[in-house]
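Reader: Could you walk me through one part of this model in some detail? I would like to hear about the aromatic pairs and what surrounds them.

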Amino acid sequence: MYKLILICALGVMATQLLQAQDPLFSQFYAAPLQINPAFAGVTDAPRLTLNYRNQWGQISGGYQTYAASYEQSIQSLNSGIGLILMADDAMDGVYKTVRISGVYGYELQITHSAFVKFGVEAGMIRNSLDWDRLQFGDQIDPRDGFEDPSGNPTPSAEQRPASLNNSTVDISAGLLIYNEKFYGGISVKHLNNPDDNFFAVNENLAAGLPMRITLQAGAEFEVKGSNNRKSPAFISPNVLVAKQADFLQVNVGAYAGFGKFFGGLWYRQ
């Protein structure tokens, strides 16, 4: 009985979290377009990025997030373009989110070695809900749990949404300042507060995804120079602070490269 109640509670909590906070990869520097659209095209060569996250993997029905992005620089136009695809799966497919968006960044040179880049992102978010797999508190029978003795689900008085699929437009923007050694930026996701609700929301409550404001900064310091035989050795400290509704996340750490070896140490609060 207590296990059934726990599963029901986790399902309700997971739905609330999905509406309040975006998936955010721990190794954010390995998913730059997910953080700030102004990162589009900052490298000379085209870049393809693949990401996967399994949150609460020890619990059946946690969160799994898949993401892929492509970006490239258009130097003749001082621009960068990119494409982002993300899929988020909660509770073994009970709640799914798919996002696809295009990214554009424009670069301005402000000094001999410093640049500022503006980025915009626009796309679609599509949510789907498998209502028949949800379990509610009024379905719990004190003796039999969520099913009657014949194995049939106990009915619930919860109102079923008119539609179990929802699509909405999503718009974001960002700013990045950088040179050969340092970078710093700010991005604002969901500028238009896209409405991802399945039910009509009371006018006294905030509707749609809350904006996510993210600050990021980092540097790269060369410890040992390179030559034709050896790769350079460097240390790169980074920090990221993300705020969305009542959620605040802080990532502080550094990664380092020594020849062919690469690693890092991070703290997340």
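Author: Seven aromatic pairs turn up when the whole structure is searched. Here, rings of Phe, Tyr and Trp (its six-membered ring) pair if their centres lie within 6.5 Å; planes under 30 degrees apart are stacked, over 60 edge-to-face, and the rest tilted. The rings of Tyr 52 and Tyr 66 have centres 5.2 Å apart and planes at 45 degrees, so this pair is tilted. It links distant parts of the chain, with Tyr 52 in strand S1 (residues 47–55) and Tyr 66 in strand S2 (residues 63–74), 14 residues apart. Strands (E, at least two residues) and helices (H or I, at least four) are DSSP runs numbered from the N terminus. Tyr 52 is partly exposed at 45% relative accessible area, and Tyr 66 is partly exposed at 42%. For these words, buried means under 20% relative accessible area, exposed over 50%, and partly exposed in between (1.4 Å probe, protein chains only).

A word on the basis of all this: the model is predicted, so local features need pLDDT of at least 70 and side-chain atom pairs count only at pLDDT 80 or more, while totals for chains, interfaces and linings use all residues. Residues are numbered from 1 along each chain as its sequence is written, and side-chain values use heavy atoms, with hydrogens and water left out.

S1 and S2 run antiparallel and are joined by nine bridges; two strands pair if DSSP finds at least two bridges between them. Thr 49 has Ser 69 in S2 as its bridge partner. Arg 47 is also in S1, and is partly exposed at 24%. Its C-alpha atom is separated by 5.8 Å from that of Tyr 70, 23 residues apart along the chain. Leaving out residues up to four places away in sequence, Arg 47 touches Pro 32, Phe 39, Val 42, Ser 69, Tyr 70 and Glu 71, where contact means heavy atoms within 4.5 Å.

On to the next strand: S2 pairs in the antiparallel sense with strand S3 (residues 79–90) over twelve bridges. Tyr 70 stands opposite Leu 83 in S3. S2 and S3 form a hairpin with four residues between them, and Asn 78 in the turn has a positive phi of about 50 degrees.

Back to the rings. Phe 115 and Tyr 178 form a stacked pair, 5.8 Å centre to centre with 25 degrees between the planes. Phe 115 lies in strand S5 (residues 115–129) and Tyr 178 in strand S6 (residues 165–178), 63 residues apart. Phe 115 is partly exposed at 21%, whereas Tyr 178 is buried at 15%.

Tyr 178 also takes us to the second largest pocket: of its 33 lining residues, those closest to the centre are Phe 39, Val 42, Thr 43, Tyr 178 and Tyr 183. A pocket is an open set of points on a 1 Å grid over the protein atoms alone where a 1.4 Å probe fits, with protein on both sides within 12 Å along at least five of seven lines; lining residues have an atom within 4 Å of a point. S8 gives the most to this lining, with three residues. By class, the lining has 14 nonpolar, twelve polar and seven charged residues; Ala, Val, Leu, Ile, Met, Phe, Trp, Tyr, Cys and Pro count as nonpolar, Asp, Glu, Lys and Arg as charged, and the others, Gly among them, as polar.
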